[in-house]
Amino acid sequence: MADQQYDIVILGAGSGGYAAALRGAQLGLSVALVEADKLGGTCLHRGCIPTKALLHAAEVADEIRHSAGIGVKATLEGIDMPGVNSYRDGVIGKLYKGLQGLVSAASIEYVTGWGRLVAPNTVEVDGRRLVGRNVILASGSYSKSIPGLDITGRVIASEQALQLDHVPSSVVVLGGGVIGVEFASVWKSFGADVTIIEGLPNLVPNEDPVVSKAVERAFRKRKIAFHTGARFSGVTQTDSGVTVSTEDGKSIDAEYLLVAVGRGPATANLGYEEQGVAMDRGFVLTNERLATNVPGIYAVGDIVPGLQLAHRGFQQGIFVAEEIAGLNPVVVPESGIPRVTYCEPEVASVGLTQPQAEEKYGKDSVETVDFNLAGNGKSQILGTTGFIKLVREKDGPIVGFHAVGTRVGELVNEGQLAVNWEAYPEDLASLIHAHPTQNEAVGEAALALAGKPLHSHN
Ligand code: NAI
C-alpha cells in the first residue's frame, strides 16, 4: 500500500490526541488520528468521567442519609451497583457518541489499530504507513504498581475498581493521592469500610498543608481510616479477600486492595526510542513548546512529565496544533493548571501552595487569607465546612488559590483566572459576586486580603 501523507499524524486519541486533531482540522491541516482502543481514551472510558459519575451517585446516597436533618423524609435502601454502572455507562455513551460525531464531521482520517512509530515521520498501523509532516505522540498512561505487587485477582487498579458489580464490604486503598481519596470517598458513601495507606506524612500530599489537614479531619469524621507515613510491605490473597501488611507491623483484612500509587507513561514498544526520541524513565522529554529532540515530533498529555490531567492534555493538544499551523501560541506554565480532587469534601487548587510561594518570594513576602465557609450562606445551606485560601505576593498579585468543601471544584475557574491573569486581591474585591453562591467566598477572601474583610473574622 502506498504511503499516505498528512500534515499531522497523531498517535493516540485520548484528551491530548483528539484535541490536537480537532484543532488541526479546524486550522485546515490534514490530520490522521490513530487509536487502538476507543476514541476519548482513559478520561472518557476509564478515568475522569466514570469516576465522577460514581462520585455523584455517592453524593446522592449521602444526601439521602442526611436528609432528615433538613426535614426531608427519605430512607436509603441501598446501592444497586448494576444500576449505578448503567447510569455511568449512559453518561459515557452520550459523550462518546458526541465525540465520534465531532471527529467525523471534522474530516479527520480516523484510523483504528495499534500504531507504531517506524520512522521519525511515519506511524504504521496494520501495514498501513501514515506519513506526517509532523507527528504528535499522545499515547497516554496506565495504572502503575510497585515492584513485586501484581494487579491480579483481588489486588486491583482503578480500571478493575470501576468494573465491580457490587459494593465491597471492605477495601484497603494503597496511595492517598487523587485516585486513592476519590475511590475511598465513593466506597465509604456506598457503605464499605475503607482504610487508606499513604507513604507520605499526609493525604493528598501535593496540596497546601492546611488542605491536607482539612481532608484528613473530614475523612476522620466520615470514619474513613487512614495510615499516613506508612509503607506497604506485602499482601496475601485468598478467594474471599486480602491481608495487607505495612512495614510498621499493621495487618489489615479486606475484600480488595486498590493500588493507586500513580500512573506511568504508556510509551513501551511504540518505537519512540528506536527513532531517537529522548526519554526519561518512560516519559517523553520535550521543551516548553512540547517539541521533542527529533524535528517534527511533538508529545502531549500524560507521557510528558508533569501533571497528568485531562484538561492539561486538551490544552497541550490545541497548543501543538496551533504551533504546527504557525500561530505561535502562548505557553501556560504548569502551576497555572487548575487541579480538582472530587472526593467529599472536594479539593480545588491552582498556582502555588503557601510553602511554594514562600520558597519563591521569601517568607516575609507572602500574605495569605483563609476564608471559612462558615461565613458563606450557600455553604451553610449545603451543610459543608471548609475554606478558601488565597496566597498573594506581598503588595503583589494572587499566586495561589486553594479550596476545600462540598462542590468547591466548581470554584477553581475563578481561581485560575485570578492566578493566570496575575490579578491583585483588590481587582477581585472590586467585582460583585452573586449572592448566595459559594463563589462569594472567593470574593470574601479577596476582600480580606485587600484589607477590607466583610463577613470574616480574620
Ligand atoms: P498520585 O501521585 O496522586 O498519588 C499516589 C500516592 O501514592 C502518593 O501520595 C504516594 O505518596 C503514594 N504511594 C506511592 N507508593 C507508595 C507506597 N509504596 N506505599 C504507600 N504509599 C505510596 O497518583 P494517583 O492517585 O494514582 O493518580 C494518578 C494520576 O491521575 C495523578 O497524576 C492524578 O492527578 C490523576 N488523576 C486526576 C484526577 C482528578 O483530576 N480529579 C482523578 C484521578 C486521577
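Let's start with strands S4 and S5, which form a hairpin with 2 residues between them. Strands here are DSSP E runs of at least two residues, and helices are H or I runs of at least four, numbered from the N terminus. One caution: this is a predicted model, where local features need pLDDT of at least 70, side-chain atom pairs count only at pLDDT 80 or more, and totals for chains, interfaces and linings use all residues. Residues are numbered from 1 along each chain as its sequence is written.

S4 covers residues 115–119, runs antiparallel to S5 and is joined to S5 by 4 bridges. Strands pair if DSSP finds at least two bridges between them. Ala119 has Thr122 in S5 as its bridge partner.

Next hairpin: S5 and S6, again with 2 residues between them. Asp126, in the turn, has a positive phi of about 45 degrees.

Which S5 side chains are buried? Val123 and Val125, on one face. Buried means 20 or more other C-beta atoms within 10 Å of the residue's own, with C-beta atoms placed from the backbone.

Now the cores. A nonpolar core is a set of buried Ala, Val, Leu, Ile, Met, Phe, Trp, Tyr and Cys residues joined through C-beta atoms within 7 Å. The largest has 80 residues; Val173 and Leu174 are among those touching the most other members. Helix H6, residues 178–190, supplies its largest share, 8 residues. A second, separate core has 48 residues, including Leu22 and Phe319.

Last, the ligand. H6 gives the most to the shell around it, 4 residues.

Conventions:
Buried ≥ 20, exposed ≤ 12 C-beta atoms within 10 Å, placed from the backbone.
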